[in-house]
Amino acid sequence: MQVRADQLATQLARSGLKSIYTLHGDEPLLAQEAADTLRAAARAAGFGDRQVFTVSGAHFDWSGVLGAARSMGLFTDRQLIEIRIPSGKPGKDGSSALQAYCEQISPDVLTLVHLPRLDREQLKSAWFAALDRAGVAVRLDPIERHALPGWIAQRLAAQGQRVAAGDAGQQTLAYFADRVEGNLLAAHQELQKLALLYPAGELSFEQIESAVLDVARFDIAQLVSAVLAGQPGRALRMLDGLKAEGESPVPVHWMLANDVMALQRARGALAAGLPLPMALREARVWGDKERVFQALLPGVDDGALAALVVAASDCDGVIKGLRRPDWPEDAWEALRRLALGLLDLVAAATARRGAARRPMTLPAAS
């Protein structure tokens, strides 16, 4: 029987505990929460003793696992056994042992099998099929970007908080999702912080923006804001300060490159005929940055922007230790070059926009 992580509580309430639960996936938060849910249910059902086995390699001795399933607990007749297979590959002996284990499992033993994400071949293996037949296989699927705002809203509701209704609330959730995409543990920590910072009830965009930026290293966000505002002296001083404080160059590059790519997405949306507000939404530009992009986009030169996208990629390579022609080898010098390139783009766009606004002066009549 296969269920998703969000269906586990319903399965427990409807059918009670099964003999074996197989947790498979690479999402740490979901794995932790599913295991905690099952351990709590096990304690409530009287499974007082617990043994943990970690399969460390092909030469792991499975006899201990098989023996534990047949033995009585030290302090209770019911015991919880956890089998962790970090590689997801139990091997030939492990495959046979798991199939035998499923056939001899006692109703006084509850088993949790921890696995990483499995490929198609592993999901069709005899050992996984045996685990699936004997109990419940819980898929720890990652939360995709399109589903992340809804996931955040559900978590907010569970702690008595919510965002505004309608488009404003959806924009707030999308902003939140953009800041934690691909890292549910970070999202979970952000949600916990919101519960500590603010009382139950409706949260404003400004409250969430402030909390998320604080967690996401507000000083880096200030650096990007200075670059987009066309303040080279302040921006370069902040870049030097980040280096001196021991900041990793990776998040600095990510935030600079993220805005470069957002400019490219927005310019592409404008070229496709979308009006400016819709182009910004298509580019996932929110909050105060909307006003900045509204001012910049009409004056951005597409050729210069395309060159900056390439520069962002080259800078990424330098940070990862790769050599790039005509680029410095030091990561922070590469970041300085990328920041200066974005500052040049902003300055040119601002100048072009200013020139377009100046009234045309006609020559005096002779």
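Mentor: In this discussion, a salt bridge is a side-chain nitrogen of Lys or Arg within 4 Å of a carboxyl oxygen of Asp or Glu. The structure is a predicted model.

Trainee: How far apart are N and O in the salt bridge of aspartate 314 and arginine 324?
Mentor: Side chains of opposite charge can pair when their charged atoms come close. The side chains of aspartate 314 and arginine 324 do meet in a salt bridge, and the N to O distance is 3.5 Å.

Trainee: Which parts does this pair tie together, and how many residues apart are they in sequence?
Mentor: Aspartate 314 belongs to helix H16 (residues 302-319). Arginine 324 sits in the loop between H16 and helix H17 (331-357), so the pair links a helix to a loop, parts separated in sequence by ten residues.

Trainee: Is arginine 324 buried, partly exposed or exposed?
Mentor: The relative accessibility of arginine 324 is 27%. Buried requires under 20% and exposed over 50%. Because its value falls between these limits, arginine 324 counts as partly exposed.

Trainee: Which residue forms a salt bridge with lysine 320?
Mentor: Lysine 320 counts as exposed, at 60% relative accessibility. The closest N and O atoms of the pair are 3.1 Å apart, and the partner is aspartate 316.

Trainee: How many salt bridges does a search of the whole structure find?
Mentor: The pairs of aspartate 314 with arginine 324 and lysine 320 with aspartate 316 have already been described. The search over the whole structure gives a total of 15.

Trainee: In which helix do aspartate 36 and arginine 39 both lie?
Mentor: The side chains of aspartate 36 and arginine 39 meet in a salt bridge, with 3.0 Å from N to O. The two residues are three apart, about one turn of the helix. The element that holds both, residues 28-44, is helix H2.

Trainee: What angle do H2 and helix H9 make where they pack?
Mentor: Two packed helices are described by the angle between their axes and the distance between the axes. The axes of H2 and H9 (residues 184-197) are 7 Å apart. The helices are roughly perpendicular, at an angle of about 70°.

Trainee: Which residues of H9 make the contact with H2?
Mentor: From H2, the contact uses Pro28, Leu29, Leu30 and Glu33. By class, the residues of this contact are five nonpolar, one polar and one charged. On the H9 side, they are Leu184, Leu185 and His188.

Trainee: Are helix H3 and helix H4 roughly parallel or roughly antiparallel to each other?
Mentor: The axes of H3 (residues 63-70) and H4 (residues 91-104) come within 10 Å and cross at roughly 5°. Val65, Leu66, Ala69 and Arg70 of H3 meet Ala97, Tyr101 and Gln104 of H4. Angles under 35 degrees count as roughly parallel. H3 and H4 are therefore roughly parallel.

Trainee: What is the phi of aspartate 326 near?
Mentor: Most residues other than glycine have a negative phi, and most peptide bonds are trans. Aspartate 326 lies in the loop between H16 and H17 and is exposed, with a relative accessible area of 71%. Its phi is positive, near 65°.

Trainee: In which loop is arginine 284 found?
Mentor: Arginine 284 also has a positive phi, near 60°. With a relative accessible area of 37%, arginine 284 is partly exposed. Its loop is the one between helix H14 (276-282) and helix H15 (288-296).

Trainee: What separates the C-alpha atoms of leucine 115 and glycine 287?
Mentor: Leucine 115 is placed in strand E5 (residues 109-115) and is buried, at a relative accessible area of 6%. Beyond four places in sequence, its contacts include Ile85, Trp127 and Phe128. Glycine 287 lies 172 residues away along the chain, and the C-alpha separation is 40 Å.

Trainee: Over which residues is the pLDDT below 50?
Mentor: The chain averages a pLDDT of 88, and 93% of the residues score at least 70. Where pLDDT is low, the predicted coordinates should not be read in detail. The stretch below 50 has five contacts beyond near neighbours in sequence, and it spans residues 214-218.

How values were computed:
Residues are numbered from 1 along each chain as its sequence is written. This is a predicted model: local features need pLDDT of at least 70, side-chain atom pairs count only at pLDDT 80 or more; totals for chains, interfaces and linings use all residues. Side-chain values use heavy atoms; hydrogens and water are left out. Axes are lines fitted to C-alpha atoms, for helices over the stretch in contact, and angles run from 0 to 180 degrees between N-to-C directions. Helices (H or I, at least four residues) and strands (E, at least two) are DSSP runs, numbered from the N terminus. Angles under 35 degrees count as roughly parallel, over 145 as roughly antiparallel, 65 to 115 as roughly perpendicular and the rest as oblique. Contact means heavy atoms within 4.5 Å. pLDDT is the predictor's confidence in each residue, from 0 to 100. Buried means under 20% relative accessible area, exposed over 50%, partly exposed in between (1.4 Å probe, protein chains only). Ala, Val, Leu, Ile, Met, Phe, Trp, Tyr, Cys and Pro count as nonpolar, Asp, Glu, Lys and Arg as charged, and the others, Gly among them, as polar.
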